[in-house]
Structure formats: structure tokens, C-alpha cells
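Notebook open, model loaded. I want to go through confidence, strands and charged pairs in that order.

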Amino acid sequence: DWAGGTPGGTAALVAHGGVLDYFCRYVALLDLRHPRCVLPAIASLSIIQHGTFYGSLRWVIKTRGDAAHLETLETH
């Protein structure tokens, strides 16, 4: 139970890119044996939501590998 048992609750998970890739492929019903085809940026944001979508209870990927928040950082 990721969100404390509260319907519509929110939880945050920090994970390595490989774990995130595996979970996204699981959610998208893609073959988990294939090598990664997307390499998310370090410190990117992915939003995966659980709820009723298109008439059934499921996981959906709303955002994957979003790094827009990093664009304002200076690199040295």
C-alpha cells in the first residue's frame, strides 16, 4: 500500500533509473527481458499514477524522465 491506505493518496518514491525503467515497462505491459531503450536524465521526474482510467483500475505513466526543472541550473 503505497499511499497509506488513502484512496487518491500520494506517495513519493526515489529510485535508480534501472528500477524506474523496469516499473515503467511493467506498467506499459512491455517485455521486461529487453534492454532499456530510454535513459532518463539524472534527477528527472516521473509520475506514475494508480486509479481508474478508461473504465478499469490500473497504473498509468503520466510523465517519464521529465528534466525541465533542471534547465535553470548552471553547469560548472
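My entries on this model follow.

**Ground rules.** I am working with a predicted model, where local features need pLDDT of at least 70, side-chain atom pairs count only at pLDDT 80 or more, and totals for chains, interfaces and linings use all residues. Residues are numbered from 1 along each chain as its sequence is written, and side-chain values use heavy atoms, with hydrogens and water left out.

**Confidence.** I looked up pLDDT, the predictor's confidence in each residue on a scale from 0 to 100. The protein averages 79, and 86% of the residues score at least 70. For the elements I took DSSP runs, numbered from the N terminus: helices are H or I with at least four residues, strands are E with at least two. Helix α1, residues 17-27, has the lowest mean pLDDT among the elements at 83, while β2 has the highest at 85.

**Strands.** Which way do β1 and β2 pair? I found them antiparallel, with eight bridges between β1 (residues 45-53) and β2 (residues 56-66). Pairing here takes at least two DSSP bridges between two strands.

**Charged pairs.** Side chains of opposite charge can pair when their charged atoms come close. My cut-off for a salt bridge is a side-chain nitrogen of Lys or Arg within 4 Å of a carboxyl oxygen of Asp or Glu. How many salt bridges does this rule give? The count is three.

I started with D21 and R25, whose closest N and O atoms are 2.8 Å apart. Because they sit four residues apart in helix α1, about one helical turn separates them. For accessibility I call a residue buried under 20% relative accessible area, exposed over 50% and partly exposed in between, using a 1.4 Å probe and protein chains only. D21 is buried at 2%, and R25 is buried too, at 12%.

Next I took R64, which forms a salt bridge with D21 at 2.7 Å between the closest N and O atoms. That pair links distant parts of the chain, with R64 in strand β2 and D21 in helix α1, 43 residues apart. R64 is partly exposed, at 32%.

Then I noted R33 and D31, whose side chains meet in a salt bridge at 3.0 Å, N to O. R33 is exposed at 75%, whereas D31 is partly exposed at 30%. Last entry: shared partners join D21, R25 and R64 into one salt-bridge network.
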